[in-house]
Amino acid sequence: MAIKINQTTAIENDHRQWVFMTVSVLGENYKYVYTAPKDLSDDALQSYIDGRENFYKKKVLCNLYPDADVYNSSLEDFEA
């Protein structure tokens, strides 16, 4: 799984920024927009996003298996 940050945009009057990203899994690309602290950029922002990898894995699983109870299951349940 790879996560590429495509763009960031500050949110006015807020301590967060929009982060536009592409999550690549098994040759498929999934585009998401989430927020991150505004004071993060470059390597620090990528580290923050990478640290949330399991969250993004679950989002991809929700796309692939809409009827699965992804949030009440561990990732290991899907990897088995």
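Helices (H or I, at least four residues) and strands (E, at least two) are DSSP runs, numbered from the N terminus. By that rule the chain has three helices and three strands. Along the sequence they follow the pattern β-β-β-α-α-α. The model is predicted: local features need pLDDT of at least 70, side-chain atom pairs count only at pLDDT 80 or more, and totals for chains, interfaces and linings use all residues. Residues are numbered from 1 along each chain as its sequence is written, and side-chain values use heavy atoms, with hydrogens and water left out.

Start with the sheet. Two strands pair if DSSP finds at least two bridges between them. Three strands form an open sheet in the order β1-β2-β3, and the pairing is antiparallel. β1 (2-10) and β3 are the edge strands, each pairing on one side only. From one strand to the next, the twist averages 20°. Axes here are lines fitted to C-alpha atoms, for helices over the stretch in contact, and angles run from 0 to 180 degrees between N-to-C directions.

Now look at β2 and β3. These strands run antiparallel and are joined by ten bridges. W18 has T35 in β3 as its bridge partner. S24 stands opposite N29 in β3. The two strands make a hairpin with two residues between them. In a regular strand the side chains alternate between the two faces of the sheet.

The helices come next. Contact means heavy atoms within 4.5 Å. α1 lies across β1, β2 and β3, and runs at about 125° to β1. α2 also packs on the sheet, where it touches β1, β2 and β3. The direction of α2 makes about 135° with that of β3.

Buried means under 20% relative accessible area, exposed over 50%, and partly exposed in between (1.4 Å probe, protein chains only). The largest core has 14 residues, and M21, V23, Y32, I49 and Y56 touch the most other members. Two or more residues come from each of β2 (16-25), β3 (28-37), α1 (42-51) and α2 (53-64). Across the whole chain of 80 residues, 26% count as buried.

V23 shows how the parts meet. Leaving aside neighbours within four places in sequence, V23 is in contact with M1, A2, I3, E28, N29, Y30, Y32, Y56 and V60.

Y56 leads on to the aromatic residues. Rings of Phe, Tyr and Trp (its six-membered ring) pair if their centres lie within 6.5 Å; planes under 30 degrees apart count as stacked, over 60 as edge-to-face and the rest as tilted. The structure holds four such aromatic pairs. One of them joins F55 and Y56 edge-to-face, at 5.3 Å centre to centre with 75° between the planes. Y56 is buried because its relative accessible area is 0%. F55 counts as partly exposed because its relative accessibility is 29%. Ring pairs link Y32, Y34, F55 and Y56 into a cluster.

R52 lies over the face of its ring, at 4.7 Å from the ring centre. A charge sits over a ring if NZ of Lys or CZ of Arg is within 6 Å of the ring centre and within 35 degrees of the ring normal.

Next, T8 in strand β1. T8 is partly exposed because its relative accessible area is 36%. Not counting residues up to four places away in sequence, T8 touches Q17, W18, V19 and L45. K38 is 30 residues from T8 along the chain, yet their C-alpha atoms are separated by 9.3 Å. For the chain, among contacts between residues at least 6 apart in sequence, 28% join residues at least 24 apart.

Finish with the backbone in the loops. Most residues other than glycine have a negative phi, and most peptide bonds are trans. N13 counts as exposed because its relative accessibility is 83%. L26 is found in the loop between β2 and β3. Its phi is near 50°, again positive in a residue other than glycine. L26 counts as exposed because its relative accessibility is 86%.

Terms used
Core = buried A, V, L, I, M, F, W, Y, C linked by side-chain atoms within 4.5 Å.
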